[in-house]
Amino acid sequence: MKRISVYLSFVFCLVAISPCLAQNDFAHAEMDSLQKVLARQRTTKDSLIVVQKLVDFTPVRSDETLSYPDHYKMLLDLNEKIKLIDPAPYQLMLEGNRYWAKREYNKSLRSFQQAVELFDKQHKVIFPLLINLRILYNFLNDQGARLGYFQKKLEYYLVNGPYENTAPCYHGIAGYYLYKGAYNQAINNYMKGAEVFRKFEPTFYVQILYVLGMTYNQWGNFDKARYYAGKALPLSQKQNDTSGINYGYNTLSQIEFNAGRYDEAMKFADQCIRTLSKNVTQRVVSIFTTKAGIYLKLNQPDLALPLLNKAQRWTDSAGFKTVSSVGYTEIDYDFYEYYISKGNTGEAEKALLTAYKKSSNEQGVPLQLKYARELGYFYQKHNQPEKSERYFEQYFKVYDAQEAGLHDFKVAQYEIDQNDRAQRDHISQLKQEKAVQDYELGRRNALLWGSLVVLALISALLVFIYRQLQINKKTLISLRKTQRQLIQSEKMASLGELTAGIAHEIQNPLNFVNNFAEINVELLDEMATELKSGDKDEAVAIASDIRQNLEKIRHHGQRADGIVKGMLQHSRASNNTKEPTDVNKLADEYLRLAYHGLRAKDKSFNAGLETNFDAGLPLANLVPQDIGRVLLNLFTNAFYATEQKKKLLAANYSPVVIVSTGIENGQIKIRVRDNGTGIPEHIKEKIMQPFFTTKPTGEGTGLGLSMSYDILVKGHGGSIDIDSKEGEYTEFIIHIPI
Amino acid sequence: MKILVVDDEADIQPLFIQRFRQEIKHGDFDFSFALSGEEALSYLEKNHSEVVLILSDINMPGMTGIELLSRIRHQYEKPPPVVMMITAYNDDENRNQAIQNGANEFLTKPLDFALLKEKLKTFIHKD
């Protein structure tokens, strides 16, 4: 594709630099190869890309025929299938091409300009299209509008880019000055254009060097003209650019001709003719005419005539102009000189008048002046003073008009530099303003996008939070349910631990009740016997025993009753009713329950029980079943710890659990101490956490201490502290406000 | 004819005295009571020669009946026979341990005093 673009660049450069030349010879050959490239593309996308390149880099042909209109249609048709590019500017280009073909140049110009505006929005490199516009302005001969348009576009591209698009703008502006004969400004702008092209399009850069040579030639500075054309020619040869080389020889031939170095001019003319393409173009006509002119200057009119006749024929058929980018093609003037040399005054006059007329029609001021003056001299020489005077007048009229037009351009270099500097400053300022605008826009966009992103995030967060809340709500309900179940499980688990102990505890009082009841029955019989036998004292003694026994029966009955009540209280959900409670009794009751419970489960279990109850302990206002649950838990843990240690130490260890009560700082203090395994330092912090347990899976719920903490701290405003040394002892210290 | 009853239940004392009031009255049996294994050992230190039978509970806080049995067997050359009282929930494990440590007989709680009387009489007769 790189190669294609090079070819294309080359093609359009030629077209651009020689607006009045027909490019059929070269362009057709390259287009054919591109058509082959296009034919090889298999996918719609690849085909579209090649066609787009063709369209983008092929300016409209300057010979007033459409350049490959099929490509535009193909591009639009392919794009219709895959919608890869914005078709609007290409539709406008197609439209512009069609108007061009119908010679409706105004409409064509408008369509192309609209296409330019659309492409500018895409920031696209479109210098071939801009070159087309330059050619259209030439056709319309609207040099003022041309200057205005290209100055506006130049400023736009200098500020906004792309930089490449500034080159055809400079070229367009230069052309205006050239038409006006303001060579200084023309050359300035050509040079600026050349500088831009030099950086990215070497072929076009070389072509502008030739134009510079031609312009200096017309201005009369042949050294400068030679310098630029001479600089360009080796570059064309290096680029292997046959058309460029040919153009170079043509330019050099004209320069040397004007400089009066006819031998040199002839040499270049011959080299030019040798390198011509087969097709007849303006350049062919130009070089033939130049060569004819050289023969005439060398007083060889017979050699000039066939060349002039050929040139005349081609011009008549193709409508070539006298003034073009390849210089002046002065066929009629050469005929004039030919007829003068042959002494044919009549034909000479006719030829000179034709030349003058054409130059007037084409508004080529320098030739108009040249021919008017020549006519003045001609008629003066042939004794026609009136006509002579008229043409001299015409000469001065055109001259004055030109001078008047040039007044505006008669500016000292210093001022031109100043203006350039001012323009550069203006552009810099515009660039700065644009940068500020871009920054502001970027900032606003960033702010806008940022706000949108933040808004989106907040929305997402809100949705997330809302959903989480919903989930949490459900989870909370589920958790509460589970918590209730767990608490119940914990209660039931501890109840299970108690069952055997309770059975034992109830069994004993029941035994006493039964035994004492049986004894009393026996004693009553005995008493009856004694009364019958008249042993009254013995009967009274027996009655006393019966009474004592009944007392025992009541005591043990109450004992059993208390145990059953305690059991029910333990399993029942707490009603949180605080009541004055004997803590000593409560502790003793639960200690026994815990002990017997464990004994029931593990026959090998045993531990010494020590109780140091403070007899003077006041009743404490608490929820008995809750505190009972706490104590039961602590006792069970204490027994568990001693049991674990026993497994390690066996015979040399005497497990002991000591329960003490007392008063401290106006609070009930209960201490539960065991000489078991102790609590490792690293888990001390965790033991109050729910579900934390050191027991094997399935043996502990991990809720015992956590529930105890809640009951004591939250339920009773009390506290629970731990003192432990690993491997030696653990002491839980409870404080409950009275 | 001293019989030592070891049980952590204090009311076992009036119960035995009531149950065996006739035998006590007639001087057939003489009961002493200890509320723990430790108390029982302490009593035996002073009175072991008088004690002809020890009746002990197994499940007691501190020293258990089994430990007490073991200590007696190790401490005295001619220890008195020991009858173990086993509660309902004390199963074969306790029974096996007691046998291994030299228990002479077993009784299950709640005590059948008629049976107990027979056993005691048998032991005393043997003695």
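User: Which residues does A:Thr215 touch, not counting residues up to four places away in sequence?

Analyst: A:Thr215 lies in helix H11 (residues 202-219) of chain A. Helices (H or I, at least four residues) and strands (E, at least two) are DSSP runs, numbered from the N terminus. A contact means heavy atoms within 4.5 Å. With residues up to four places away in sequence left out, A:Thr215 touches A:Leu178, A:Tyr183, A:Ile187 and A:Tyr190.

User: What pLDDT do local features need?

Analyst: Residues are numbered from 1 along each chain as its sequence is written, chains are lettered from A and ligands numbered from 1 in the order in which they are written, and side-chain values use heavy atoms, with hydrogens and water left out. The model is predicted: totals for chains, interfaces and linings use all residues, side-chain atom pairs count only at pLDDT 80 or more, and local features need pLDDT of at least 70.

User: Is A:Thr215 buried or exposed?

Analyst: Buried means under 20% relative accessible area, exposed over 50%, partly exposed in between (1.4 Å probe, protein chains only). The relative accessible area of A:Thr215 is 1%, so A:Thr215 is buried.

User: Where do the buried residues of H18(A) fall, seen down its axis?

Analyst: Among the buried residues of H18(A) are A:Ala348, A:Leu352 and A:Tyr356. Seen down the axis, the buried residues fall within an arc of 165°, taken from the directions from the helix axis to the C-beta atoms. On the other side, A:Lys357 and A:Asn361 are exposed. The buried residues of H18(A) therefore line one face of the helix.

User: How are the rings of A:Tyr176 and A:Tyr177 paired?

Analyst: Rings of Phe, Tyr and Trp (its six-membered ring) pair if their centres lie within 6.5 Å; planes under 30 degrees apart count as stacked, over 60 as edge-to-face and the rest as tilted. This rule gives 42 aromatic pairs over all chains. For A:Tyr176 and A:Tyr177 the centres are 5.3 Å apart and the planes are at 70°, so the pair is edge-to-face.

User: Which residue lies over the face of A:Tyr333?

Analyst: A charge sits over a ring if NZ of Lys or CZ of Arg is within 6 Å of the ring centre and within 35 degrees of the ring normal. A:Tyr333 is in a ring-pair cluster that includes A:Tyr356 and A:Phe378. At 4.3 Å from the ring centre of A:Tyr333, the residue over its face is A:Lys370.

User: How many helices and strands does chain B have?

Analyst: From the N terminus on, its elements run β-α-α-β-α-β-α-β-α-β-α. Of the 127 residues in chain B, 54% are buried. The count for chain B is 6 helices and 5 strands.

User: Which residues does B:Thr64 touch, not counting residues up to four places away in sequence?

Analyst: B:Thr64 sits in the loop between E3 and H4 of chain B. Its relative accessible area is 6%, so B:Thr64 is buried. Not counting residues up to four places away in sequence, B:Thr64 touches A:Arg599, A:Asn606 and B:Ile58.
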